[in-house]
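Me: I'd like a close look at a single part of this model, the place where the chains meet. Could you walk me through it, with the cut-offs behind each term?

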Amino acid sequence: MEFFRYLGAGTRESFTKLGRGSFFLISILAGISSVCVRPRLLLKQLHSVGVLSFLIITISGLFVGMVLGLQGFYILSRFGAEETLGVMVATSLVRELGPVVAALLFAGRAGSALTAEIGLMKATEQLSGMEMMAIDPIKRIISPRFLAGFLSMPLLAALFSAVGIIGGQMVGTGLLGVDDGAYWSQMQANLDFRGDIVNGVIKSIVFGFITSWIALFEGYDAIPTAEGVSRATTRTVVNSAFSILGLDFILTALMFGDN
Amino acid sequence: MDNFDSTQNSLVSVHNLTFSRGEKKIFDDISLEIERGKITAIMGPSGTGKTTLLKVIGGQLFPAKGSVTVNGRNVHHLKRDELYTLRKRMGMLFQSGALLTDMNVFDNVAYPVREHTHLPESMIRSLVLMKLEAVGLRGARDLMPNELSGGMARRVALARAIALDPMMIMYDEPFTGQDPISMGALVLLIKSLNTTLGLTSIIVSHDVHETLAIADYIYVLSEGKVIGKGSPEEIKQSSSEWVQQFMNGAADGPVHFHYPAKEYMDDLLHSDKPFKPLSSRQRPPSDRHAKRKRYS
């Protein structure tokens, strides 16, 4: 009996939270127009959310690409198809690993920082203080951060894929002796702009949207204590990871399910 | 002072306000009048919802019943932009100061002015320096909030609260956690701002001596009710046992030292259910008695 009670209470709690989150999202979107009037707010956030994530994205992309080069070469060479290494590396990066891994890293690097920042602003009454000064914190604080996350994510994912392809090339042609011309020309011939690249970009846009939303909502909804903010930060990373991987499956099934 | 309870001269009127948080009734049918140009103090132990009252007056929280009128307008019936227009004329000083941590003192004070007006930067500069001069921190304009002491942060916040020349200021626990010197400075500031700018001030506090020294009128709250009101003299002479306990800081009295619990012996002898901690939202403030002890 107790079990059902907890189950019911838990479900109800999740749905109320989803409801609060949706209202929050609507007010964020409504606040975006006022960000356009103050581009400076957006630029500052683009720097802290996007530019400061450059390093982790570049280094991770490089290593992921290098590992792909090694593993791909190992399998492809068994069938004598080393020349298609470029296709393999680029396809897996552009379609899957670029958007997904970059989004996971983004959630860990920028998402958690956003949650902690907003949560602490709430705990130190800064948000409440702005409201009492008749300044809407959603418009001034939340919306610029949301927009920054949403705009940065596709760019970071593209950077991740690009660096990864170079990493694969370094290992494949530099270390393992795949022909450089074949690496690039095969890639060029077999990668479809609409089918591969655009779909990858759509994925990263969706992930950027969902990660920024989760991170900001968890911060805004956090219990304003040290413990509450720490929990919210954890939830951001965990929930973002789940949403990214779950949505990735759905999107992949929709985009590539019929070929 | 005779016709104080009439609504004639009051800037803020709270009528039959009831506010609950979960199961707990924070306010149970209370009514208050805040007179124009006066310093009105709202006192009571921690956890009686004094801060909540300020947030209800500021329109951040909605009451279950009753009404709050500020300057003749019902705060909770206003549209969003009307409420914001009203809030520009209500300053609030938060306990923590609530300064924005990513900008320096000058920009913090300039922030509401820049947001709400289109004044040229030179005029904003003079305005901000005047406000900072009023709180004695003109020289600290380039410091960041994390470089300020608690008392200085509160004074900067005060400068920010008066930046838009409001008609009233709400002080949330202005004296808590201050050393004697900053406390003295704040008492002086609140008093002088009130007289020189003709502000109406609402002070929420549990610091008996400082509050009695500057307040014109005092309401004492407990358990969601107004249990005492009057001028500082009247409050000191109050026959209510409760008010006396609060004013003298006695550890036990009508307000019990112990948080409600079952029989002590019972509790020691029977281990019933496994210990289940309250969630942090429900947890009673643990410093409830520690703070009051200062006056005993």
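Reply: Happy to. Let's start with chain A, whose elements run α-α-α-α-α-α-α-α-α from the N terminus on: nine helices and zero strands. Helices (H or I, at least four residues) and strands (E, at least two) are DSSP runs, numbered from the N terminus.

Some ground rules: this is a predicted model, in which local features need pLDDT of at least 70 and side-chain atom pairs count only at pLDDT 80 or more, while totals for chains, interfaces and linings use all residues. Residues are numbered from 1 along each chain as its sequence is written, chains are lettered from A and ligands numbered from 1 in the order in which they are written, and side-chain values use heavy atoms, with hydrogens and water left out.

The C-alpha atoms of chain A fill a box of roughly 65 × 55 × 30 Å along the principal axes. Of its 259 residues, 47% count as buried (buried is under 20% relative accessible area, exposed over 50%, partly exposed in between, with a 1.4 Å probe and protein chains only).

Now to the meeting of the chains. Chain B brings 26 residues to the contact and chain A brings 18 residues, where contact means heavy atoms within 4.5 Å. About 2000 Å² is buried between chain B and chain A, and carbon and sulfur atoms give 50% of that. Buried area here is the accessible area (1.4 Å probe) that two parts lose on being put together, summed over both. Gln60(B), Tyr84(B) and Glu115(B) supply 22% of what chain B buries against chain A, more than any other three residues.

Glu115(B) also has a charged partner across the boundary: its side chain meets that of Arg38(A) in a salt bridge, 3.5 Å from N to O. The rule (a side-chain nitrogen of Lys or Arg within 4 Å of a carboxyl oxygen of Asp or Glu) finds five salt bridges across this interface. Another pairs Lys44(A) with Asp102(B), the closest N and O atoms being 3.3 Å apart. That pair runs from helix α2 (residues 39-50) of chain A to the loop between β6 and α3 of chain B. Lys44(A) is partly exposed, at 49% relative accessibility, and Asp102(B) is partly exposed too, at 42%.

On the side of chain B that touches chain A, α2 (80-87), β6 (90-93), α3 (105-116) and β7 (168-172) each supply at least two residues. Of these, α3(B) gives the most, with four residues. That side of chain B divides into ten nonpolar, seven polar and nine charged residues. Here Ala, Val, Leu, Ile, Met, Phe, Trp, Tyr, Cys and Pro count as nonpolar, Asp, Glu, Lys and Arg as charged, and the others, Gly among them, as polar.

Asp107(B) forms a salt bridge with Arg114(B), and their closest N and O atoms lie 3.0 Å apart. Asp107(B) is partly exposed, with 24% relative accessibility, as is Arg114(B), with a relative accessible area of 32%.

One backbone detail in chain A is worth a check. Most residues other than glycine have a negative phi. Glu125(A), however, has a phi near 65 degrees. Glu125(A) sits in the loop between α4 (85-123) and α5 of chain A, and counts as buried because its relative accessibility is 15%.
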